[in-house]
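Please look over the model below before reading my comments. They are kept to a few points.

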Amino acid sequence: MSDALKYLMQIRPREMEDYFSFLKNSGKHLDDKTKAIISVITKVDKQTATGFRQYLKRALALGVTANQIIDALFVAFPTLGLSKIIWAIDILLEMDMAEFGPEAMREGLDWHELIQEEKLMSGVSMIKAADGKELFVYRENEDIRVYDNRCPHQSTPITKNELSGLELTCSLHKWKFDLRTGECLEVGDKPLNMLECKIENGFLKAYW
Ligand code: FES
């Protein structure tokens with residue numbers, strides 16, 4: 001807290017209490033991601049580098065995407081102006097985060113939260129992920145694999161009904177896959193599309 005706020009708390013405690021209560025209540029209908037984006041923009045406006053880094057990481061951990069952060073900076077252009085946006089981008093580049101890499105941004109690639117790690121049992125799970133994507137997740141202890149459910153033959157979606165044990169058979173032309181490796185076992189010649197994944201803050205995330 002700044003010295004000015006501390007001073008005001010001392011000399012006008014009731015008014016300041018009302019003020020903080022107003023701030024708290026005024027955001028009660030906003031979801032966590034929206035609040036996180038607003039906090040990031042506030043830090044850019046005040047140009048507090050430590051706060052910006054901290055709130056940016058928090059926003060990303062809550063599932064805000066790199067593209068949403070850049071969009072928010074542009075939307076706030078009338079109040080931030082170009083110099084503050086450049087200031088924020090310089091810090092972003094220093095932080096060297098994969099999410100903000102030019103290739104990932106151009107292609108709209110990002111990390112997507114799938115499921116809490118503790119809910120991910122050994123075996124195979126079918127997950128309906130964000131952005132309408134459906135995925136198969138195979139876990140054996142620390143080995144976790146995430147596969148796109150679209151068949152590598154003709155992109156037909158494969159459903160959980162087509163799963164038998166650890167084998168997945170696309171009903172259209174009978175390509176059969178091993179979910180432990182993603183390899184095609186019968187009929188076809190291409191593996192399932194495996195996505196990069198990681199555990200972060202207790203969640204399984206995949207990159208697409
Ligand atoms: S589309 Fe899946 S096997 Fe042909």
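1. Basis. This is a predicted model, in which local features need pLDDT of at least 70, side-chain atom pairs count only at pLDDT 80 or more, and totals for chains, interfaces and linings use all residues. Residues are numbered from 1 along each chain as its sequence is written, and side-chain values use heavy atoms, with hydrogens and water left out.

2. Helix H5. Helices (H or I, at least four residues) and strands (E, at least two) are DSSP runs, numbered from the N terminus. In H5, residues 66–75, the buried positions are Ala66, Ile69, Ile70, Ala72 and Leu73; buried means under 20% relative accessible area, exposed over 50%, partly exposed in between (1.4 Å probe, protein chains only). These residues lie on the same side of H5 because they cover an arc of only 155 degrees around the axis, taken from the directions from the helix axis to the C-beta atoms. The face turned away from that side carries the exposed Phe74 and Val75.

3. Aromatic pairs. The structure holds four aromatic pairs. Rings of Phe, Tyr and Trp (its six-membered ring) pair if their centres lie within 6.5 Å; planes under 30 degrees apart count as stacked, over 60 as edge-to-face and the rest as tilted. One of the pairs joins phenylalanine 52 and tryptophan 87, tilted, at 5.8 Å centre to centre and 45 degrees between the planes. Phenylalanine 52 lies in helix H4 and tryptophan 87 in helix H6, so this pair ties together parts 35 residues apart in sequence. Phenylalanine 52 is buried, at 0% relative accessibility.
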